[in-house]
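Colleague: Please take a close look at one part for me. I would like to follow its charged side chains and what surrounds them.

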Amino acid sequence: MIERFLGIEHVTNTNALSLKQAMENLFSKLGLSISILQGQGYDGASNMQGEFNGLKTLILKENPCAYYVYCFAHQFQLVLVAVAK
């Protein structure tokens, strides 16, 4: 599998619904759809991986094949910052 950076979207609200809308807007600009998404990777924030209302869950409702993995790179970065301080 190949990961690709698609872009950055500015959001004023970081709740799961707003983040999903921002993703849909970006995908739409690029001629893509969440229905073809194959993977998701987020940090441990509840708005991202929340079991009932997280972004992961909202996307899985629309596309059950969008496999979710916890982003260990983010966790590693947090440790490095803490150690550096």
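Modeller: The whole structure, a predicted model, holds 3 salt bridges. Start with Lys20 and Glu24. Their side chains meet in a salt bridge, 2.5 Å from N to O. Both sit in helix H1, 4 residues apart, so about one helical turn separates them. An α-helix has 3.6 residues a turn, so residues three or four places apart point the same way.

Lys20 has another partner. Its salt bridge with Glu62 brings the closest N and O atoms to 2.8 Å. Lys20 belongs to helix H1 and Glu62 to helix H3 (residues 55–62), so this pair ties together parts that are 42 residues apart in sequence.

Lys20 has 12% relative accessibility, so the residue counts as buried; the cut-off is under 20%. Glu24, at 26%, counts as partly exposed. Glu62 is also partly exposed, with a relative accessible area of 41%.

The other pair is Lys29 and Glu9. Their side chains meet in a salt bridge at 3.1 Å, N to O. Lys29 lies in helix H1 and Glu9 in the segment before H1, so the contact ties together parts that are 20 residues apart in sequence. Lys29 counts as exposed because its relative accessibility is 61%. Glu9, at 27%, counts as partly exposed.

Next, the helix itself. H1 runs over residues 16–29. At 1.5 Å a residue, its 14 residues should span 20 Å, and the end C-alpha atoms are 20 Å apart, which agrees. Lys20 is one of the buried residues of H1; the others are Ala16, Leu19, Ala22, Met23, Leu26 and Phe27. They cover an arc of only 160 degrees around the axis, so they lie on the same side of H1. On the other side, Leu17, Ser28 and Lys29 are exposed.

At the start of H1, a side-chain oxygen of Asn15 comes within 3.1 Å of the backbone nitrogen of Leu17. After H1 comes Gly31, with a positive phi near 75 degrees.

Last, a nonpolar patch on the surface. Leu6, Leu30, Leu32 and Ile36 make up about 330 Å² of it. Ile36 sits in the loop between H1 and strand S1 (39–42). At 52% relative accessibility, Ile36 counts as exposed, because the cut-off is over 50%.

Conventions:
Residues are numbered from 1 along each chain as its sequence is written. This is a predicted model: local features need pLDDT of at least 70, side-chain atom pairs count only at pLDDT 80 or more; totals for chains, interfaces and linings use all residues. Side-chain values use heavy atoms; hydrogens and water are left out. Helices (H or I, at least four residues) and strands (E, at least two) are DSSP runs, numbered from the N terminus. The expected span of a helix is 1.5 Å times one less than its number of residues. Buried means under 20% relative accessible area, exposed over 50%, partly exposed in between (1.4 Å probe, protein chains only). The arc is that of the directions from the helix axis to the C-beta atoms. A polar contact is a pair of N or O atoms within 3.5 Å; within protein, one must be able to donate a hydrogen and the other to accept it, and residues adjacent in sequence count only if both atoms are side-chain atoms. Patches are made of residues with over 30% relative accessible area and no salt bridge: like charges are joined within 9 Å, nonpolar side chains (Val, Leu, Ile, Met, Phe, Trp, Tyr) within 5 Å. Accessible areas come from the Shrake-Rupley method with a 1.4 Å probe; for residues, only the protein chains shown count as cover. A salt bridge is a side-chain nitrogen of Lys or Arg within 4 Å of a carboxyl oxygen of Asp or Glu.
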